[in-house]
Amino acid sequence: MALVAGLALSGPALAMDYAADLAPEAEGATGSGTTQVAIDLELLTMRIQADFSGLSGTVSAAHIHCCTLEPGTGTAGVATQTPTLSGFPSGVMQGTYDMVFDLMDTATFNASFVASNGGTAAGATAALVAGLDAGLAYLNIHTSTFGGGEIRGFPTSVPEPAAAALILLAGAALL
């Protein structure tokens with residue numbers, strides 16, 4: 001059992017999940033929400049999900065920014081599509097979002113982010129994943145009241161439940 005657990009944990013990660021609470025970033029902002037970002041390196045996709053409510057203005061744009069200088073703080077340029085993520089609800093004060101993006105399509109990213117990361121979708125993907133892993137990327141929802149952004153969150157890695165279960169099983173087998 002320990003050998004199986006070791007093999008499962010030592011292989012390359014093909015899927016990475018990140019999650020964050022979305023909180024006001026400006027004084028007077030009232031919104032809140034959650035976001036999940038799932039990167040699948042086997043399928044080369046990124047799934048972005050968000051739930052938000054209580055905004056003080058209506059949604060004017062939403063995207064992922066990367067990469068700040070310090071984890072969990074600061075500002076950075078837009079990494080994903082501009083002016084807003086494809087299909088993100090606009091003109092609303094609450095909503096949900098669920099979209100899958102092709103990581104090998106440069107249209108998934110802001111052109112300047114692609115250009116500053118090797119000029120390819122692969123380079124932009126590598127930079128965004130590195131930013132997410134380091135806590136240097138954030139989802140930002142901009143509104144009519146807060147054009148610079150009303151709510152945002154820095155997604156952090158979510159431990160894979162299967163890996164945690166394998167660790168527990170491996171530990172139990174050693175006892």
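Which residues in α3 are buried?

What you see is a predicted model, where local features need pLDDT of at least 70, side-chain atom pairs count only at pLDDT 80 or more, and totals for chains, interfaces and linings use all residues. Residues are numbered from 1 along each chain as its sequence is written, and side-chain values use heavy atoms, with hydrogens and water left out.

Back to the helix. The buried residues of α3 are A121, G123, A124, T125, A127, L128, V129, G131 and L132. By buried I mean under 20% relative accessible area, with exposed meaning over 50% and partly exposed in between, using a 1.4 Å probe and protein chains only. Helices here are DSSP runs of H or I with at least four residues, strands are runs of E with at least two, and both are numbered from the N terminus. Helix α3 covers residues 121–134, which makes 14 residues, and spans 20 Å from its first C-alpha to its last, close to the 20 Å expected. That expected span is 1.5 Å times one less than the number of residues.

And what covers those buried residues? The cover includes β1, β2, β3, β4, α2 and β6, where contact means heavy atoms within 4.5 Å.

Now for the cysteines. The structure holds 1 disulfide, counted as a pair of cysteine sulfur atoms within 2.5 Å. The partners are C66 and C67, with their sulfur atoms 2.0 Å apart. The torsion about their S-S bond is about 60°, so this disulfide is right-handed. The peptide bond joining C66 and C67 is cis, with omega about 5°. Are the two cysteines buried or partly exposed? C66 is buried at 6% relative accessibility, while C67 is partly exposed at 32%. C67 sits in the loop between β4 (59–66) and β5 (95–102). P83 is also placed in the loop between β4 and β5, and the peptide bond from T82 to P83 is cis, with omega near 5°.

On to charges. How many salt bridges does a search of the whole structure find? There are 2, taking a salt bridge as a side-chain nitrogen of Lys or Arg within 4 Å of a carboxyl oxygen of Asp or Glu. One pairs R152 with E25, the closest N and O atoms being 3.8 Å apart. R152 lies in strand β7 and E25 in the loop between β1 and β2, so the pair ties together parts 127 residues apart in sequence. R152 is buried at 17% relative accessible area, and E25 is partly exposed at 32%.

In the other bridge, R47 meets D98 at 2.6 Å, N to O. Because R47 lies in strand β3 and D98 in strand β5, this pair ties together parts 51 residues apart in sequence. R47 is partly exposed at 35%, as is D98 at 42%.

Last stop, the surface. L14, L41, L44 and M104 make a nonpolar patch of about 300 Å². Patch residues have over 30% relative accessible area and no salt bridge; like charges are joined within 9 Å, and nonpolar side chains (Val, Leu, Ile, Met, Phe, Trp, Tyr) within 5 Å. The areas come from the Shrake-Rupley method with a 1.4 Å probe, and for residues only the protein chains shown count as cover. L44, in the loop between β2 and β3, has a positive phi near 60°.
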